[in-house]
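Please open the model in your viewer and keep the selection tool at hand.

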Amino acid sequence: MNEKFNFDEIKKTLEEAILQNQIEFKAFSQAVSSYKKLGFELEKILEWAANNAKGEDKIKLWSLYKEFSLQNISELCEWLRWYGESLRKSKVYERFFDKDKKVPKAVTFRILELTRLGKREEVFHIILREFVNAQEEVGKNFVKAFNPKYSVESFKVMVYSFLSGLLGEGIEKNKEG
């Protein structure tokens, strides 16, 4: 766990920055990043506790773990969609989408089908291969989508989130149209 995370201290620092009109994006971004890391660490601890608890506590801890885990999955999906969008001007995008024909490439349909079937390893292999061929590094958080601790249904939603960000229209365009 991140021993340096002290919410009260972070909150105080950010509030002081606002009051002194010294607002810097970097400070807020780091606070959000630390909060998210703490969330994933807390999820691991909850799972560990639920596995080792007994009786009524075990049931309550599993319920709490599932609620918290779903929140983390939701945040990860949002990040994956953003990550896909951020790759639209990269060579990775060209590996998945034919700009001339304006259609997804065959590999994209293969990934969609394998995802539908819940073939986590095959999907990861194909996506990793496409990143390597595009000479792009895979985002650290992207790998979390393939963690076997997530259900197959959660895995599907995460891959679809990434692909919708990569191949879909931008948020601004969607809001306009």
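Select helices α5 and α7: their crossing is left-handed, a term used when the near helix is turned anticlockwise from the far one by less than a right angle, whereas clockwise would be right-handed. The model is predicted, so local features need pLDDT of at least 70 and side-chain atom pairs count only at pLDDT 80 or more, while totals for chains, interfaces and linings use all residues. Residues are numbered from 1 along each chain as its sequence is written, and side-chain values use heavy atoms, with hydrogens and water left out.

Two packed helices are described by the angle between their axes and the distance between the axes. For α5 and α7, the axes come within 9 Å and cross at roughly 160°. This makes α5 roughly antiparallel to α7 (angles under 35 degrees count as roughly parallel, over 145 as roughly antiparallel, 65 to 115 as roughly perpendicular and the rest as oblique). Axes are lines fitted to C-alpha atoms, for helices over the stretch in contact, and angles run from 0 to 180 degrees between N-to-C directions. Helices (H or I, at least four residues) and strands (E, at least two) are DSSP runs, numbered from the N terminus.

Now display the side chains between these helices. T108, I111, L112, T115 and R116 in α5 meet F155, K156, V159, Y160, L163 and L167 in α7, where contact means heavy atoms within 4.5 Å. By class, this contact of α5 with α7 has 7 nonpolar, 2 polar and 2 charged residues (Ala, Val, Leu, Ile, Met, Phe, Trp, Tyr, Cys and Pro count as nonpolar, Asp, Glu, Lys and Arg as charged, and the others, Gly among them, as polar).

Just after α5, G118 takes a positive phi of about 75°.

Finally, select G139, in the loop between α6 (120–133) and α7 (152–167). G139 is buried, with a relative accessible area of 12%.

Note on methods: Buried means under 20% relative accessible area, exposed over 50%, partly exposed in between (1.4 Å probe, protein chains only).
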